[in-house]
Amino acid sequence: MGSAEDKPYSCRQACAQALLRAVIKYIADNLRQRGKRESVEIKEFAEKVCDAVGKELGREYQVEYKEVRKNNGVVLHGMLIISGEKNVVPTIYLDTFWEEYESGESWKRIIRRLVSIYRRDAPKGKIDMDFFRSFEEVKARICYRLIGRKGNEELLLDVPYIEFLDLALCFYYAYQGDMLGEGTILVHNSHQNLWEASTADLLKLAQDNTPRLFPWECNSLNVILKEIMGGDLGIKGESWEDEFPQEDPMLVLSNDRRLQGAVCMLYPGVLEEIASRWEKSIYVLPSSVHEVILLPDSGRGEAESLKEMIVQVNNTQVAPEEVLSDSLYYYDFREKRVKIIF
């Protein structure tokens, strides 16, 4: 049996294994910034792809290259295909295709696949987007998500947001329609001005809408492993207590879509309920923008080890645009609030 000094390291090792094997679903297949020389290479590749796809589709289509800034300042390289009869322009990101090309995929096959993707997935005809001009029509699906403030300074100049510790609550419209399916539209300052809505108005709507449209889901590590291996899915709603882990407890908190689910830690009463079950305060590990890891405070002085693990995993395992923060958060059971402790 290990000594008391061994326990923090064992906890760290267990957390690391859990993160690597089960929690972080989006492993970086490397959309990492690769330095100036390679950045020029992918831009050249993308421009040539746009030219080739345009020739393949014909003169009635206009194909353009566009750099798209994502979370944490990550820039993706997109292809816009514009058709005169359609008012919605899809963006096809070319970064993974460039990686495939660098790994030996043929040029002709890449072009054929891109044309096929466009013809298969492009919306048919015009889509009425006038509803987005009316605050009354969008207010029922205004939601929020969490991003880190560090690395998103430029984005935050252009969007309404609420500060939360070192994070920012940003707002989006959860789109749902027959022609485009489901998606999100980030709320910009221009939308807020058009709607004549205050940030407080958006926050109130998002606090009501997000838990309703994207209910929280809290799973034990065993459930996550079963899901990844093709077994039972996660336990939703109140029934999560039925599989509450008793030994080496570790919970994965997200929403039922497993997308942008880190914000679930701010849903009213969620952390309070879990802490009450444990009767302990909770370490909150920001594994990505999609989920957080919850670990009860055992009183063994694990904070420093957990902090080191968060930084290491963010630097090596999480796609750059999906990193939430390098901070270690802590839900204080007595104070009933989240704070940064490391």
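Just after helix α3 in this predicted model, glycine 104 takes a positive phi of about 115°. As background, most residues other than glycine have a negative phi.

Arginine 258 lies in the loop between strand β9 and helix α10, the latter covering residues 270–278. Because its relative accessibility is 12%, below the 20% under which a residue is called buried, arginine 258 counts as buried. Lysine 336 is found in another setting, the loop between β12 (residues 329–332) and β13 (residues 337–340). With a relative accessible area of 44%, lysine 336 is partly exposed, because that value falls between the limits of 20% and 50%.

**The helix pair α3 and α4**

Which angle do helix α3 and helix α4 make where they pack? Helix α3, made of residues 95–102, and helix α4, made of residues 107–121, pack at about 160°, and their axes are 10 Å apart. Since an angle over 145 degrees counts as roughly antiparallel, α3 is roughly antiparallel to α4. The crossing in which α3 passes α4 is right-handed.

On the side of α3, the contact is made by Phe97, Glu100 and Tyr101, while α4 contributes Trp107, Ile110, Arg113, Leu114 and Ile117. By type, the residues of this contact divide into 6 nonpolar and 2 charged, with no polar ones. The buried residues of α3 are Asp95, Phe97, Trp98 and Glu99, and Phe97 also belongs to the residues that make the contact with α4.

**Two buried prolines in loops**

Proline 249 lies in the loop between α9 (residues 221–228) and β9 (residues 251–255). Its relative accessibility is 16%, and therefore proline 249 counts as buried. Leaving aside residues up to four places away in sequence, proline 249 touches Trp278, Leu294, Leu295 and Pro296.

Proline 320 is found in the loop between α11 (residues 303–316) and β12.

| Pair | Apart in sequence | Apart in space |
|---|---|---|
| Proline 249 and leucine 221 | 28 residues | 8.2 Å |
| Proline 320 and valine 74 | 246 residues | 6.8 Å |

**The chain as a whole, and its confidence**

The chain has 11 helices and 13 strands, and buried residues make up 46% of its 342 residues. Among the contacts in the chain with a separation of 6 or more, 63% are accounted for by residues 24 or more positions apart.

How confident is the prediction, and what is the mean pLDDT of the chain? The mean is 81, and 77% of the residues reach 70 or more. Over residues 1–40, however, pLDDT stays under 50, and for this stretch the model has 70 contacts beyond four places in sequence. The pLDDT is also below 50 over residues 232–240, a stretch with 25 contacts in the model beyond near neighbours in sequence.

Conventions
Residues are numbered from 1 along each chain as its sequence is written. This is a predicted model: local features need pLDDT of at least 70, side-chain atom pairs count only at pLDDT 80 or more; totals for chains, interfaces and linings use all residues. Side-chain values use heavy atoms; hydrogens and water are left out. Axes are lines fitted to C-alpha atoms, for helices over the stretch in contact, and angles run from 0 to 180 degrees between N-to-C directions. Helices (H or I, at least four residues) and strands (E, at least two) are DSSP runs, numbered from the N terminus. Angles under 35 degrees count as roughly parallel, over 145 as roughly antiparallel, 65 to 115 as roughly perpendicular and the rest as oblique. A crossing is left-handed if the near helix is turned anticlockwise from the far one by less than a right angle, and right-handed if clockwise. Contact means heavy atoms within 4.5 Å. Ala, Val, Leu, Ile, Met, Phe, Trp, Tyr, Cys and Pro count as nonpolar, Asp, Glu, Lys and Arg as charged, and the others, Gly among them, as polar. Buried means under 20% relative accessible area, exposed over 50%, partly exposed in between (1.4 Å probe, protein chains only). pLDDT is the predictor's confidence in each residue, from 0 to 100.
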